[in-house]
Amino acid sequence: GRMTPEQYLMYDKLASQYGHGSIRLTTRQTIQFHWISKGDLKPVFKGLDDVLSESKGACGDIVRNVTCVPNVFNDPFLVEVEKTAKSLSDHFRSSANAYNEIWLDGKQVNVDEERES
């Protein structure tokens, strides 16, 4: 997918701060963090949100993303392919707000409280 330099730098910062420096690029044009503890999920999601990125659709039975080849030579055909891929991606993007309500409400996760339940 598309990523700005600012977004990449945030992913790198979050991986260094919360994921033992581990960051993985996947064949589905996504980035994976490893070793993020449950108590650090909200600050990680907040960091992604700060640079207009997200982790929606990271798993489960949903449309994850739409990919297309990079158009480094500005080929007119690939310009159209890229427009179609963007249109499909926008069409399938979830309009539910649960992600924001759960993860971006400004409250910290109380790990000890969750372990007791």
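Mentor: pLDDT is the predictor's confidence in each residue, on a scale from 0 to 100. This is a predicted model, in which local features need pLDDT of at least 70 and side-chain atom pairs count only at 80 or more, while totals for chains, interfaces and linings use all residues. Residues are numbered from 1 along each chain as its sequence is written, and side-chain values use heavy atoms, without hydrogens or water.

Trainee: What pLDDT does the chain average?

Mentor: The average is 80, and 75% of the residues score at least 70.

Trainee: And where is confidence lowest, and where highest?

Mentor: Helix α5 (residues 111–116) has the lowest confidence, with a mean of 49, whereas α1 has the highest, at 95.

Trainee: What share of the residues is buried?

Mentor: Of the 117 residues, 18% are buried, that is, under 20% relative accessible area; exposed means over 50% and partly exposed lies in between (1.4 Å probe, protein chains only). In α2, the buried residues are Lys42, Val44, Phe45, Gly47 and Leu48.

Trainee: Which residues form the largest nonpolar core?

Mentor: That core has nine residues: Met10, Tyr11, Leu14, Tyr18, Ile31, Val44, Phe45, Leu48 and Val51. A nonpolar core here is a set of buried Ala, Val, Leu, Ile, Met, Phe, Trp, Tyr and Cys residues joined through side-chain atoms within 4.5 Å.

Trainee: Why would such residues gather?

Mentor: In soluble globular proteins, nonpolar side chains tend to be buried together.

Trainee: Take Leu14, then. What does Leu14 touch?

Mentor: Setting aside residues up to four places away in sequence, Leu14 touches Gly19, Phe33, Pro43, Val44, Gly47 and Leu48. A contact means heavy atoms within 4.5 Å. Across the chain, 51% of contacts between residues at least 6 apart in sequence join residues at least 24 apart.

Trainee: Now the loop between α1 and β1. Is Ser22 buried or exposed?

Mentor: Ser22 lies in that loop, between α1 (5–18) and β1 (23–25), and counts as buried because its relative accessibility is 12%. Beyond its neighbours within four places in sequence, Ser22 is in contact with Ala15, Gln32, Phe33, His34 and Trp35.

Trainee: What about His20, buried or exposed?

Mentor: His20 belongs to the loop between α1 and β1 as well, but His20 is exposed, because its relative accessible area is 68%. Its phi is positive, about 55 degrees, although His20 is not a glycine.

Trainee: Where is Asn74, and what is its phi?

Mentor: Asn74 sits in the loop between α2 and α3 (76–92). Asn74 has a positive phi of about 55 degrees without being a glycine, and is exposed, with a relative accessible area of 57%. Just after α2, Leu52 also takes a positive phi, of about 60 degrees.

Note on methods. Helix = DSSP H or I, 4+ residues; strand = E, 2+ residues; numbered from the N terminus.
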